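User: I would like to learn how to read several features of a protein model. Please give the general idea first and then the case at hand.

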Amino acid sequence: MTAATHTHAPAAHRDPNVWRWLGAYTASVTGDVVHMTVLTWVAVDVSGPAQAGFVLAAGAVPRAVLMLGGGVLADRFGPRRVLIGSDLARCLAVLAVAAVMYAGGAHVAVLCVLAVCFGVADALFMPAVGALPPRLTAPDQLTRVQGMRSLAVRFGNTVGPLAAGVALTTSGAAGAFAGVGALFAVSLVLLAALRVPGAPTRTDVSAWAQLRDGMRYLSKRPRLVRLVVVIGLGEMCFSGPVGAALVLLTDERGWSPGTLSLLLGAFSVAGAVIGVALTVVRDVPAQRALLAASLAATAVLVAALGLARPGPGASVALCALLGAASGVPMVLGHALLQRWTAPDCVGRVTSVTSLCTLGLSPLLLPLAGIVAAAWGAGTFLAGCGAVCLLAAALAASPALGSPAT
């Protein structure tokens, strides 16, 4: 692909094109969260907890297996086209299941097919959404754009479960699935209005060869590899496992469901505040040093939450600090990654990062339950802190001094 020219590009927060991307991303992420909540509810209702786990795993496997292929497609055909295809597939799939449920209910097989469709679509969506920002704005605006992305993620994670609960209560599962389809339709409309400078270059190289080229590009840039590892380690525990550990911790300490809501809400709201702050700030100095410091703070806070045995009020305060601290590397790490990577390789490099953070993190969920049963949820949270501390040490290493050429 050819890189876009951004000589006179407006600031990201004043660029209508960036706002279209943000709106599409927010609608799509929120739709994903609502879908997962509704799918889990319906699967438990139809088949019980044991088979519900099988339904959810049916979606996680193709997402992990096909993630690298999604990066190839993003670089080969352009991220906007891949995003449109992903949203269209999810929209049609969820509306089809809504129609089946209106006609008489869904069986486990139908739910498994839906989960697989979403898993495949997610494998395409995640690398493409990471490859698009460098084509929409100038390199010095990428931190702001990643702040917007962080805000969208926090918004979806906070509003999604609430919207799913309201939809299930007022419209039933079929109506809730139809609402998910509407969210993806909104995303499609905004993506259709998006204008992306540049175009994919024609290539006679096979997709498999393109994947090898992308991995070779990454392997020859040790600093970029180290940054990918830092992002993977820094985010892996926060792509589900920490949330599951908080549920287990709440139950273990005899706190109420209301306390759990406050813990998760404080984490999300504080992360959203950080996203807003990094969106409006003009410049973030010493980004690599701030990346390492915020990862170290995240490690201390998540370990303290598990081992210090604070009361409910202090735990809510710790979760707020944890949400703020963990939100900083989420923004800065991806901004550096996009700035350091050649435009025609961003999709494939992003797919490696997405595989580490979102593709493999479900494997930690059973580990959270095993560790909590044996030694307590606090021990698992301490382990998450150790992982973040390793990420901080790598981020502070002189080897992460500058992008490889």
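User: Is C91 buried or exposed?

Analyst: A residue is called buried under 20% relative accessible area, exposed over 50% and partly exposed in between, with a 1.4 Å probe and protein chains only. C91 has a relative accessible area of 8%, so C91 is buried. Please note that this is a predicted model, in which local features need pLDDT of at least 70, side-chain atom pairs count only at pLDDT 80 or more, and totals for chains, interfaces and linings use all residues. Residues are numbered from 1 along each chain as its sequence is written, and side-chain values use heavy atoms, with hydrogens and water left out.

User: How should the length of helix α7 be checked, and which of its residues are buried?

Analyst: Helices are DSSP runs of H or I with at least four residues, numbered from the N terminus. The expected span is 1.5 Å times one less than the number of residues. For the 13 residues of α7 (residues 207-219) this gives 18 Å, and the end C-alpha atoms are 18 Å apart, which agrees. In α7 the buried residues are A209, Q210, L211, G214, Y217 and L218. An α-helix has 3.6 residues a turn, so residues three or four places apart point the same way.

User: Which residues touch the most other members of the largest nonpolar core?

Analyst: A nonpolar core is a set of buried Ala, Val, Leu, Ile, Met, Phe, Trp, Tyr and Cys residues joined through side-chain atoms within 4.5 Å. The largest one has 31 residues, and V38, V42, V55, M101, L111, L114 and F177 touch the most other members. Two or more residues each come from α1 (16-47), α2, α3 (79-104), α4 and α6 (142-192). The most, ten residues, come from α6.

User: Where is T250, and how far is its C-alpha atom from that of G23?

Analyst: T250 is in helix α9 (residues 241-252). T250 counts as buried, at 4% relative accessibility. T250 and G23 are 227 residues apart along the chain, and their C-alpha atoms are separated by 34 Å.
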